Amino acid sequence: DPATTHIPLVTGWNWIGYVPSYSLPINEALSSLPSQTGDLIKSQTAFAQYINPSLGWIGNLLYMQPPNGYQMKVASAGMLTYPPPSHAKGVSQPLESRGGTEKLLAAFWNINPAQYEHTMTLIGMLKVNQANATTASMELGAFAGSELRGSAQAIYVAPLNAYIFFFTAYANTSGEQLKFKLFDSASGAVQELAEAMYFSADLHQGSIEAPVPFTFKSSGTRDLTPVQSFDIQPNPFSTETMFRFVLPSAQEVRLTVTDMSGREVSRLGTEARPGLNTVTWNGLSDAGAHLDAGVYFVRLQTATGSVVKKVVVQ
């Protein structure tokens with residue numbers, strides 16, 4: 001019985017279970033605690049931070065739900081008792097994704113958290129010209145070498161009237177260096193960011209008032225990718241399609257096709273010439289099998305950057 005099950009929390013990190021058989025909004029679930037600014041709760045894939053009594057908990061962890069377990073870091077010891085389910089309509093939520101009514105797009109990068117023992121969290125933003133330039137179409141990714149170690153789509157936070165990243169990174173040991181990339185679905189571009197950091201288990205950085213700033217390797221005013229255009233026609237397609245792109249100079253390029261989980265299914269290399277280039281693709285994997293119907297991503301990799309387009313196989 002959640003009403004008679006009291007969970008003591010000590011100062012610092014705690015492992016806690018979720019007793020109810022029903023889900024609760026994060027602010028409601030933790031209402032029995034004497035929460036303080038900076039307190040943190042995280043699941044395997046998301047987290048929230050306590051801001052103040054008026055704003056409550058804010059993050060991409062919107063609900064607590066069975067059968068999940070959680071880690072919680074508190075500044076003051078307390079007793080957690082989960083309340084009964086709320087039947088009131090319009091329960092306030094800690095944030096609204098994509099400005100309120102829009103849903104998150106399918107993620108560009110996807111990771112399996114079960115492969116890793118430890119997590120590290122941060123609240124971040126894209127900084128251009130000393131201002132938050134994060135938009136709804138952006139996604140932040142972290143890599144240890146070429147291995148994806150976490151990603152986060154930008155989320156709208158109403159009190160700020162701005163988009164920020166609630167980011168979780170994964171590793172099995174501390175000390176690995178992480179480098180970051182930014183994907184923008186509005187342009188299809190993937191750009192490398194200037195920042196790097198070392199993984200430290202259970203470390204948290206940033207707040208909604210002071211997000212960790214990420215910056216482009218360039219000044220942010222120049223396109224890192226010298227691709228003048230990249231188009232896929234027909235799209236959707238069933239038997240074959242053409243990748244058409246325009247480059248300013250001759251160079252070796254690589255085209256890779258990945259599925260929605262980020263798994264590479266086909267790779268094409270070609271010597272491109274200045275001007276228009278056309279590469280035909282028959283929808284087959286590198287193993288020669290026809291790909292299942294669905295959404296795939298085609299990445300055109302040049303000497304100095306990459307561009308990504310979505311393609312639909314019927």
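Tutor: Start with one definition. A salt bridge is a side-chain nitrogen of Lys or Arg within 4 Å of a carboxyl oxygen of Asp or Glu. Keep in mind that the model is predicted.

Student: How many salt bridges does that rule give here?

Tutor: The count comes to five salt bridges. We will take some of them in turn. Glu 147 forms one with Arg 149. Their closest N and O atoms are 3.3 Å apart.

Student: Which residue forms a salt bridge with Arg 267?

Tutor: The partner is Glu 264, with the closest N and O atoms 3.0 Å apart. Arg 267 is partly exposed at 42% relative accessible area. Glu 264, at 36%, also counts as partly exposed.

Student: Which residues do salt bridges with shared partners join into one network?

Tutor: Glu 147, Arg 149 and Glu 176 are joined in that way.

Student: What does Asp 202 pair with?

Tutor: Asp 202 forms a salt bridge with Lys 42. The closest N and O atoms are 2.8 Å apart. Now place both ends on the chain. Asp 202 lies in the loop between S17 and S18, and Lys 42 lies in strand S4 (residues 40-42). Lys 42 is buried, with a relative accessible area of 3%. Asp 202 is partly exposed, at 25%.

Student: Next, the peptide bonds. Which kind joins Gln 233 to Pro 234?

Tutor: Read the omega angle. From Gln 233 to Pro 234 the bond is cis, with omega near -5°. Another cis bond joins Asn 235 and Pro 236, where omega is about 10°.

Student: Where do Pro 234 and Pro 236 lie?

Tutor: Pro 234 is in the loop between strand S20 (229-233) and strand S21 (241-247). Pro 236 is found in the loop between S20 and S21 too.

Student: Let us turn to pockets. How much space lies in the largest pocket?

Tutor: About 990 Å³. Then ask what lines it. The largest pocket has 38 lining residues. Nearest its centre lie Trp 109, Phe 143, Ser 146, Lys 181 and Arg 299.

Student: Which strand supplies the largest share of that lining?

Tutor: Strand S17 does, with six residues. Several strands each give at least two, including S13 (147-153), S16 (177-184), S22 (251-258) and S25 (294-301).

Student: How do the lining residues divide into nonpolar, polar and charged?

Tutor: The lining of the largest pocket has 14 nonpolar, 14 polar and 10 charged residues.

Methods
Residues numbered from 1 in each chain as written. Predicted model: local features only at pLDDT ≥ 70, side-chain atom pairs only at ≥ 80, totals over all residues. Heavy atoms only, no water. Helix = DSSP H or I, 4+ residues; strand = E, 2+ residues; numbered from the N terminus. Buried < 20%, exposed > 50% of the residue type's maximum accessible area, 1.4 Å probe, protein only. 1 Å grid on protein atoms, 1.4 Å probe; cavity = no way out; pocket = protein on both sides within 12 Å on 5 of 7 lines; lining within 4 Å. Points joined across faces, edges and corners; volume = space filled by probe spheres on them. Nonpolar A, V, L, I, M, F, W, Y, C, P; charged D, E, K, R; others polar.
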